[in-house]
Amino acid sequence: MALQAITTVLEPIMDYIVKPIGQQLGYLISYRSNIQNPKVEMEKLNNLREDVEQSKEEVESNLEIIGDGVKDWLKNTTEIQKVTTTIFPSEADIGKGCLRQGLISRYVLSRKAKKMTNTVIQQQIDGRNYEKFSHLAPPVESWIGSKIDSDDGMSRQLVLAIIIESLNDEEINMIAICGPGSVGKSRMVEKVIAKVEGKKLFNKIVSATVTQQFNMEKLQSLIAEALGLKLDERSEMMRVNKLKARLKMENKFLLVLDDVWQKLDLEKIGIPLGKEHEGCKVIVTSRSHEVCSSLLLKGIKIFTIKSLSKKESWDLFRRNVGDRINDPVLNKIAQEIAKECGGLPLAILTVASTLKDKSQEIWIGGLAQLRSVLPNNITGLGDVFNSLKLSYDHIESDEARKLYLHCSLFPEDYSIPLEILAIRGMSLGMFIDVNSLQEAKIRVNFLVDKLTNYFLLQKGKDDSSVIMHDAFRDLAIYITSREQHLFGINHDFKLKEWPRDIHHEEVTCISVRLTTTVKHPKTLNCPRLELLVLETRKTSVSLHDDIFQGSRALKTIEISRMKFSLLPSSIGLLKNLRMLRLIDCEMENISMIGELVNLEILSLRYSRFNVFPAELRRLEKLKLLDLKCCKSITSIAPGTLSNFVELEELDMMGCHRVGWEVGNKVNEMRNVSLVELKAMQNLTSLRVDIISDKAIPKDTSLPGNLKEYFIRITPDNRLMSSIPPNQYSKTIQCVLNAKHVVDWIQKIVVGVEHLVLEESLAKHIIDLLARESFQHVKRLEINSCHEVIYIANTSDLINLGKTPGRYACFAKP
């Protein structure tokens, strides 16, 4: 009885103590076999992987794709192999005993090996148990956006497969893809590039959009830049020879030229083909079969991208409209609408997204509109025109319509900054109840979302820009020619004289790009003109004094790359002018700007002038002042900045020659003082370079409404961090040469996120991280500080740890 009781007590003790101990000892006893087992099982897994990869190639060649589970399995198998080959010792090292490895090390390694063996075996089981190895390709992602799935149809998948096969053919060195606008040529090229990158067919791939205004030097420079080649030669022959020599160094090279409108002589560009360089291949897309045929190369193969078949069009439309077409009445209308879209993916997706949530009456009206008479003078729109215009007509917001039309003022394939749309829209009075720059930016983001949802605009490379498809741009230009928003647009740098077709009384907006030789008109007799955008190429021809005499309704002027001794005197007549942008201009005197008392936005970015004069104090309504990279400016009249009490944004990055003074008495100073910034109580954004710590006041703070800032205090204007300036909204970069600089920084800023410090005083400033002003630091960089004593006092660690991982610290000797 007693023995039974003891046994009852000891059994759980054995389970919880003795068995685990035996298991742990087993890791030491079975060390050799545990270490060898992962490699043995890994060999079995590798054999299975070879079978899976072979099957993968077979199904892909049949235009099917493997399931996501198989892809993940292959990826995980590769990762497991890396672990087994790097962590565990070789066969020769296993038997070297405890002389080199202690018991603890052997125990840890044996335990890892045991777990890895189980992982490898489970991976083998997973690899054998896939029920569905492959399936037909799903709808292809829409080439105009990722919000709606698209399917190019089986016919296009076959063309894609043949193009890939042709790129492997040594006899073919050029592929031309032609077809009407909006049919999907660019999308086809994107898919080709993705395929060849995956198969690693080429060492280097370079893509360039050619457009109607072909510029050979620009194309050569794009190719050279992708190759890391400096192409500074002015001689055409030298540029060609240098580029050709560099391309011959590439074993496998693919050049993609999208949207070609005219015959190209690749030899004159510097592209070696055929026997001259068999590893170089070119893909060209064009709306013109004639252009493709004119290339007349022996090794060329031409593919014509045709419209989707009736079935493919219906499948694409049905998939993107949803279940609503199950209604018998609506289904018949839907089939007619899909038919009227002409088999163009862009048209189908555009109409589908527009009608998706609309009533039956709107569907009937949409069908009638698609069947309406199409203007014949719209280049490149063809049957898709009415489809595209349908989306425009269904935009309920007048602001969104105006913004869409306004985007056509930018050149083809231009990456349109949202910031420019915001300030233009505000200056033109495009937005209702918008009174600040921040409100304008918010409104633009809202409107852009609407327009991208209708596919009238596309998202750019990042969230700060948008792109307008050329078909939609042609549509917008057509609309403005028929409605009251008449635009005058000419972006042909080859113009030999001022374009007469945009110079008339009804025009409201003009956007022109000119060469250096074109003379500007003496006056613009355009009484309704509100916007003038004039871009030249470093011309020395000045505008005539009376050029604005007949355009007194102007609200916005943007002039790029011009040279002025004095601005035209007639600019003083523009009492309605709210925005003036003089970008990369050379000017001797800008005092005339002071007469524009209603000006709200003034940008002189990259321009060259020496003095920001006292006459500009009259611009009391300024909300934005942009002096970025005005590197020649040395003086800002004292008392000028402090008069801009409505200013919201100030950018003086790169103005490192400005001699900031210290003082409170304006009449005793010869230059601007940081004290003046205190008067800008509406200031929310500040970007400034300060070249001397002597310019920093000891008892002055900045406005408390700053939401974003970039303050750099350095004597030589050098880049102190590799982090892009816009990655963090609040950044301070500082070379510390005086203690009062540290005190000033602590006073002026709240919530700094990115802090970059240099010089010896940095060894103590880290203690500030525990103070309230620096509680939001996300990234800390310390450069050239050889005397770092500590990162933080131990007494401050509790405070520093309130938000774990909130900043990274880097020390750079």
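How many aromatic pairs does a search of the whole structure find? The search turns up 4 of them, and the model they sit in is a predicted one. The close-ups below start with two of these pairs and then move on to charges.

**View A. Phe 317 and Trp 363 meet edge-to-face.** The two ring centres are 6.1 Å apart and the planes stand at 80 degrees, so this pair gets the edge-to-face label. Phe 317 comes from helix H12 (residues 310-321) and Trp 363 from helix H15 (residues 360-370), so the contact ties together parts 46 residues apart in sequence. Phe 317 is buried, with a relative accessible area of 0%, and Trp 363 is also buried at 0%.

**View B. Phe 410 and Tyr 414 make a stacked pair.** Here the ring centres lie 5.6 Å apart, and the planes are at 20 degrees, so the pair counts as stacked. Phe 410 is buried at 6% relative accessible area, while Tyr 414 is partly exposed at 38%.

**View C. Arg 424 and Glu 558 join in a salt bridge.** This is one of 23 salt bridges in the structure, with an N to O distance of 2.6 Å. Arg 424 sits in helix H18 (residues 418-427) and Glu 558 in strand E14, so the bridge links parts that are 134 residues apart in sequence. Both residues, Arg 424 and Glu 558, are buried.

**View D. Arg 605 and Asp 626 form another salt bridge.** Their side chains meet at 2.8 Å, N to O. Arg 605 is in the loop between strand E17 (601-603) and strand E18 (611-612), and Asp 626 is in strand E19 (residues 624-626), so the pair connects parts 21 residues apart in sequence. Arg 605 is partly exposed at 22% relative accessibility, whereas Asp 626 is buried at 7%.

**View E. Glu 165, Asp 169, Glu 170, Glu 171 and Glu 278 form a negative surface patch.** Look for Glu 278 in the loop between helix H10 (266-269) and strand E6 (280-286). Glu 278 has 59% relative accessibility, so this residue counts as exposed.

**View F. Gln 549 sits in a loop between two strands, E13 (531-539) and E14 (556-566).** Gln 549 is partly exposed, at 35% relative accessible area. Its C-alpha atom is 7.1 Å from that of Leu 524, a residue 25 positions away along the chain.

Technical notes
Residues are numbered from 1 along each chain as its sequence is written. This is a predicted model: local features need pLDDT of at least 70, side-chain atom pairs count only at pLDDT 80 or more; totals for chains, interfaces and linings use all residues. Side-chain values use heavy atoms; hydrogens and water are left out. Patches are made of residues with over 30% relative accessible area and no salt bridge: like charges are joined within 9 Å, nonpolar side chains (Val, Leu, Ile, Met, Phe, Trp, Tyr) within 5 Å. Accessible areas come from the Shrake-Rupley method with a 1.4 Å probe; for residues, only the protein chains shown count as cover. A salt bridge is a side-chain nitrogen of Lys or Arg within 4 Å of a carboxyl oxygen of Asp or Glu. Lys and Arg count as positive and Asp and Glu as negative; His and the chain ends are not counted. The place of a charge is taken as NZ of Lys, CZ of Arg, CG of Asp or CD of Glu. Helices (H or I, at least four residues) and strands (E, at least two) are DSSP runs, numbered from the N terminus. Buried means under 20% relative accessible area, exposed over 50%, partly exposed in between (1.4 Å probe, protein chains only). Rings of Phe, Tyr and Trp (its six-membered ring) pair if their centres lie within 6.5 Å; planes under 30 degrees apart count as stacked, over 60 as edge-to-face and the rest as tilted.
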